[in-house]
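Please look over the sequence and the structure first, then read the points below.

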Amino acid sequence: MAKGAVVGTAVVACAAAAAAVGVAVVVSRRRKRRRDAEAGRRKQASDVIEEVEQAFATPTPLLRGIADAMVEEMERGLRADPHAPLKMLISYVDNLPTGDEHGLFYALDLGGTNFRVLRVQLGGKEKGVVQQYEEVAIPPHLMVGTSAELFDFIAAELERFVGTEGDDFHLPEGRHRELGFTFSFPVHQTSISSGTLIKWTKGFCINGTVGEDVVAELSMAMERQELDMKVTALVNDTVGTLAGGIYADNDVVAAVILGTGTNAAYVEHATAIPKWNGPLPKSGNMVINMEWGNFKSDKLPRSDYDIALDFESLNPGEQIYEKMISGMYLGEVVRRILLRLAHDASLFGDVVPPKLEQLFVLRTPDMSAMHHDTSHDLKHLGAKLKDILGVADTSLEARYITLHVCDKVAERGARLAAAGIYGILKKLGRDRVPSDGSPKQRTVVAIDGGLYEHYKKFRACVEATLADLLGEASSSVVVKMANDGSGIGAALLAASHSQYTVEE
């Protein structure tokens, strides 16, 4: 029995040893599988990032080609080519502010769910501008009601605002109050103070206005309120920004909006507008509203993410340039790249965060906040991912990859925007140093919009890229922030197109 017990013990020991070896082998294999899976995941992430870097690359020669394409499309639009993506709308603004304007003028800025009413006292170059304004929210039911209801509400608020004129504002005896109307919806403009609505956007769906003159609609509403006021200028917000910019600096030649949407306007020589049929304006110039968000060209570096975004949008095939550079879309492009990384490389763990599947869940202001995180562990970026996507614990690697994606998307958008600005300057001959030795001509571009104002890295990239494209000519080109230019600009255009100007 003792011998048998020893043998049994030995067998058990051998079995235990063999089992231990087996467990060790299993554990080793599991570890190897985990290492292999992690290596595969990192390889997948690396492949996606490399693909993004290539697809979003904007080398300087490409940007120069895009600027050349912009110039070509501008010229097609000025010829009224029906197939031109840039319509190059004639604004009928030919008298721009000079700084000598005097008097009391009003402005109404309607472009979204709120509108602003402004009162501006112009005192010429010596006294400058004194202004007051109020912002009014439009009740949701009026955004889907009738034209009369909407404009009656606006006229009533305008009448109430006029009633608060103080001692700093003086209307000369015998004069009507005059209003500049900034209307940021698609309009077919027929004169400086008239234009028919093409379509409502931005959540408005109002019966009885499409095809009607929006100035006439507002004027009738003001008459019903017994408000003695005349609309002397109907302007797009970008044109208003240009007017406000020129008032502050006579060397402004163009204005650009880089916000939720994007657009540009510039001062063109009337003789360079083949589709202009009327008598040449006395100034010799005409402001052109480019509607450049609709620019498209084979040279634009559209990625699979851009193509999918456009296909799934409410207006596929339209506003291609806007979808690559504006605040409405930059965050959505980042979301789509992160979703690909989550699917292919398990960036946020084995389960794809459900919120990451939601369209436009990542807004550009959130993208900007993540992009500007300078903490060593990107804790602010991690907090944003938790708040927006519901990912409680992100790895440091996932946070750095997210930061890199934000950087690539913002950089491409900013560089493409700079290429567009460079195209305008090239069209105007302001892109180079004079070859005849004549003095450099100072050139100013006024830029407005929340994207440009608040997204500091985006703004810095726009300015650096434009300087790079201009080369030696960059020393004579200035980019200026034009805060709230469109409202003041509308009042200034009401002044420069005043019915009383000739009398003065």
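In this predicted model, the second largest pocket has a lining of 17 residues, and those nearest its centre are Val252, Val253, Val267, Asn285 and Arg430. Strand S9 (252-258) and strand S10 (262-269) are the elements that give two or more residues to that lining.

- The space in the second largest pocket comes to about 340 Å³.

**The largest cavity**

- The model has two cavities of 30 Å³ or more.
- The volume of the largest cavity is about 40 Å³.
- Six named residues form its lining: Arg302, Asp306, Asp310, Ile320, Lys323 and Met324.
- Helix H7 (304-311) and helix H8 are the elements that give two or more residues to the lining of the largest cavity.
- Sorted by class, this lining holds four charged and two nonpolar residues, with no polar residue.

**The second largest cavity**

- The second largest cavity has about 30 Å³ of volume.
- The residues that line the second largest cavity are Arg335, Leu338, Leu356, Leu362, Met370, Leu385, Ile388 and Leu389.
- At least two lining residues come from each of helix H9 and helix H11 (379-389).
- Helix H11 gives the most to this lining, namely three residues.
- Seven residues of the lining of the second largest cavity are nonpolar and one is charged, while none is polar.

- Met328, Leu359 and Phe360 make a nonpolar surface patch of about 270 Å².
- Met328 sits in the loop between helix H8 (322-325) and helix H9 (330-345).
- Is Met328 buried, partly exposed or exposed? Its relative accessibility is 42%, so Met328 counts as partly exposed, since that class lies between the limits of under 20% for buried and over 50% for exposed.

Methods
Residues are numbered from 1 along each chain as its sequence is written. This is a predicted model: local features need pLDDT of at least 70, side-chain atom pairs count only at pLDDT 80 or more; totals for chains, interfaces and linings use all residues. Side-chain values use heavy atoms; hydrogens and water are left out. On a 1 Å grid over the protein atoms alone, a cavity is a set of points where a 1.4 Å probe fits but cannot get out, and a pocket is an open set with protein on both sides within 12 Å along at least five of seven lines; lining residues have an atom within 4 Å of a point. Grid points are joined across faces, edges and corners, and a volume is the space filled by probe spheres set on the points. Helices (H or I, at least four residues) and strands (E, at least two) are DSSP runs, numbered from the N terminus. Patches are made of residues with over 30% relative accessible area and no salt bridge: like charges are joined within 9 Å, nonpolar side chains (Val, Leu, Ile, Met, Phe, Trp, Tyr) within 5 Å. Accessible areas come from the Shrake-Rupley method with a 1.4 Å probe; for residues, only the protein chains shown count as cover. A salt bridge is a side-chain nitrogen of Lys or Arg within 4 Å of a carboxyl oxygen of Asp or Glu. Buried means under 20% relative accessible area, exposed over 50%, partly exposed in between (1.4 Å probe, protein chains only). Ala, Val, Leu, Ile, Met, Phe, Trp, Tyr, Cys and Pro count as nonpolar, Asp, Glu, Lys and Arg as charged, and the others, Gly among them, as polar.
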